[in-house]
Amino acid sequence: MSAPGRSGLPVIPLTPQQRGVYFLHCLAPDSAVYNVPIMLRVLGGIDLGRFQLAVDLLQSRHQALRLTVEEREGEILQLIHPAETAAPVKVETAPQPDLVTATAEAVRRAAEPFDIAQGPLWRAAVLELAADEHVVMLSFHHIIIDEISATALAAELHRAYDDPAALDPAGSEHRYADFCTDLAAEPDPKMLDFWRTQLDGLGTLRLPEEHIAQDHGLFTGDRVGFTVPAKISEQLTAVCRAHRVSEFMVFHSALLVLLQRWTGAADIAVGTPMAGRTDARYADTIGFFQNTVVLRNRLDPELTFAGLLKASRRTVLEALQREATPFERVVEAVRPARDAGRNPLFQVALVFNRRKVEQDWTLPGLTVEPLPFSWKTSHFDLTLTMLHEYGVLKGDFAFSAQRLSRETAGHLVSAFQTLLAALLADPAAPLVDAELQSPAEREAVLALGAAAGRYVLDERQRPLPLGFFGAVHTGRFPSDDYTSEDGTGLRATGERGRFTGEGRFELWRDPVEAALAAHPAVLRAAVLDLDGESVGVAVRRPGVTLPGPRELLAHLQARVPGYLLPQRLVELPDGPLDPAALRAALEAAPSEPAAADSEEPQGELEERLAALFEELLGIPGLGRYDNFFDYGGHSLLAVRLIGRITEELGLTVSVGAFMNSPTVSALATAMSDGSATALPSGVVRLRTAAEPDGRPALALLHPVGGTLMCYGELVRLLPDNLDVVGLERVAGAHPADASYRALTDRYATALAEALPGRPIALCGWSLGGVLAHSVAARLTELGHQVVLVSLLDSLAQRTAWDADRMATTGAELAALAALAADVRLHGTGVLGVTPEQQLLMRRFGVDLDALRETPPEQAARMLEDWGQLLALVAECEPEQAGLPVQLVLCADNPAGYPEALAASWEGLHGSLQQLSVPGSHTEVLSSPAVELVAAALTERITRS
């Protein structure tokens, strides 16, 4: 059940399914990608008054249609408004001169962004062409509706328009809230275990991308449609019966073959939506409950289509049995390599509908038909949608305009239709034998190859369609008969290439090479195989310093999957990028390893550290250069590791220092020379400049978690000649603070002693920004020069709402202390057993699974310490300090939030510089925002 919030409204945390939609909404709040449009042409004369009453009745009956979404202290909540106070949905009306103009206007209105904090999250419009002809537009934010909901609403709209008295305005009062609460419960561990095993080691499907010149926004897309001929539809029915498979399984298998032939990948995952309504009580409840499952298959080209259908059937049925596990929880469990610009786990989706959704929308006494329209969005890199529309099998490929061109999508459509026909005609034939092109298309490709003097062929020496990569050959086929066995006119070059959708020839470029060349200090790059070792080669730009191998590796890790990373990175002087030049460079100046090295730990200290790494990570055989965070390590696990080092080795290690030395070798070195030792003051040296020359130093202030882990990428991007220190607060390793003033006095004194006489710039993210501003004021009182205070998406507690928010937090702080006592008594298994506890943990940014794995005493200390810190910060009253302030605002935060942050700091600074970066609050310290933050910090500190 929902709990009342301070405003008296029922408040429910977003379901895992909704959180995914909300996150993507925040990435692109002005995009229409998560608007769900329904477009109808209505003949017969619609009664506008009756239609408005029907819309009002729908909103009254369904909680989901009266929602708004609000962020409170880091937790995303949905507020259910009473029917009498919810923002009304007023049916907009306007005359239109013709159907084309009316359709364009309806699309424009449907694509307008929703203010999810204010509502309503749906809208309606009736555009009049004539007294008896109208265009009806309904648009919903996806966070409140899915396909089943749309169908149920269609039936209710019909009844409400026909006879409003036949429907109870109250609807099913609590069914929606109950369903959301059920979905928020922890998933079945056995289900998660299945998905961990099923998706283990799954890599990113590398689609052959276009070189798109236009600047397209996130989720901008397009689609190319097609109709399946009646003969192919008949063959489809016959194959389904003969092989005991569904139409979906056939489309899934055919799509796998297309992707294998297009990308060359043999291990392919496809995402597909599922109803997510495994409980019959909620079969017709309005809301967004749709889930996504991942279908993974491994393809052998010699496998027959019949064999693939059998494998697909098993994959689909296994997924259906476990569809209740929320996709977001699966991602958390599998922990795939993340790419900020792509969906995790899959890049291609498959959707199959028995009928077009608009076919369900009717009005009594009127003729209602779906209205075709263009919708320029795409959720994924590529989505194949198949559906039956009035007895005709249709499909379309929706594609990301950032990744692919319309020409390539058109060639994919053609290849899919040809391929589907070939596979259905002979399911017993090997997949590799299935044709991708019609004779006319083959001739066109051969004509292009002849002009370029080089094909592009598949494994069977057949020309590939436009957009498909294959083996490059020079020469030409004897005559125009591509089936000729006489290969004397062809010679393989050893390269991979393709003819693009526009007919231009291009060679395949290694993604690591492309990512390395994208670094601003790199002029040219290559990836070469040297005696079985993958080596990345970089030529620096004139006048700049090339970063070291580990910094370049960090650059690559943010852009390419881990399994593609080179084993070594080296710098070459300008010249040929070939094996001979590389071997000479290696002999002259051997590089340090770029990726994990398997060298055995050396010495007793490294051996004991390696044993602790292996025990906590659950991975045997780690080498001295293996990175703790590359093998599933996270901040809470790092805290556990530090505790074990203290207990077993008798050495105190700073969590912040470990952040910079996360390998066995580096940590052992730091422990031996004393640089890893935690100081009682909480000051940690994160980077020491070789020649500081009295230049300003940078101090980073911890957020609520107390550690400096979040600043890892930022520190790596800062220049080598900058001194960087941090202030951390690790539970059980700091003095007690009686008040907020005592805390900030202690921090200011510690910094003044650590950096005597040095100008200081301070920076903090979230709560760390509040601390940074207060500590800066204390430093000026001590006579220290503060050159900058950088606030990363931080809110000053200025307004009555802020005070009310912190006062309300008091009860939750007490709950933390009570929860800590319960953990000591019963263990960490008691964490998150109620929705209230889950809400509390998420609000404080706690990884609940990780916390459950923490020893009870340590977990209890952390819970108590977080509560104590928040209680101290509740006392903070920001003061005017006359300091230069840099305020970094996240552009993809909820609407109005960046403006509220900026307003909260008004009057508290001497000068103010505002910087907007992409991403949300939790993404400001990761790519691409962190690069902008590092550049802005460096520029301001250098100028000081």
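Glu 328 is found in helix α10, which spans residues 327-334; helices are DSSP runs of H or I with at least four residues, strands are runs of E with at least two, and both are numbered from the N terminus. The structure is a predicted model, in which local features need pLDDT of at least 70 and side-chain atom pairs count only at pLDDT 80 or more, while totals for chains, interfaces and linings use all residues. Residues are numbered from 1 along each chain as its sequence is written, and side-chain values use heavy atoms, with hydrogens and water left out.

Glu 328 is buried yet has no salt bridge. Buried means under 20% relative accessible area, exposed over 50%, and partly exposed in between, with a 1.4 Å probe and protein chains only. A salt bridge requires a side-chain nitrogen of Lys or Arg within 4 Å of a carboxyl oxygen of Asp or Glu. For Glu 328, the nearest side chain of opposite charge is that of Arg 19, at 6.7 Å; Lys and Arg count as positive and Asp and Glu as negative, whereas His and the chain ends are not counted. Apart from neighbours within four places in sequence, Glu 328 is in contact (heavy atoms within 4.5 Å) with Pro 16, Gln 17 and Gly 20.

Beyond this helix, Gln 347 lies in the loop between α10 and β12 (348-353). Gln 347 counts as buried because its relative accessibility is 5%. Its side chain reaches the backbone nitrogen of Leu 205 at 2.9 Å.

Thr 474, in strand β16 (residues 470-475), has a relative accessibility of 23% and therefore counts as partly exposed. The C-alpha atoms of Thr 474 and Arg 491 are separated by 5.3 Å, although the two residues are 17 residues apart along the chain.

The chain as a whole contains 28 helices and 28 strands. Of its 944 residues, 54% count as buried.

The largest nonpolar core has 74 residues, and Val 250 and Leu 258 have the most contacts inside it. Such a core is a set of buried Ala, Val, Leu, Ile, Met, Phe, Trp, Tyr and Cys residues joined through side-chain atoms within 4.5 Å. Helix α8 (residues 247-263) supplies the largest share of this core, 11 residues. Leaving aside neighbours within four places in sequence, Leu 258 is in contact with residues including Phe 397, Leu 412, Phe 416 and Phe 468. A second, separate core of 61 residues includes Ile 12, Tyr 22, Trp 122 and Val 357.

Note on methods:
Polar contact = N/O pair within 3.5 Å; in protein donor to acceptor, adjacent residues only side chain to side chain.
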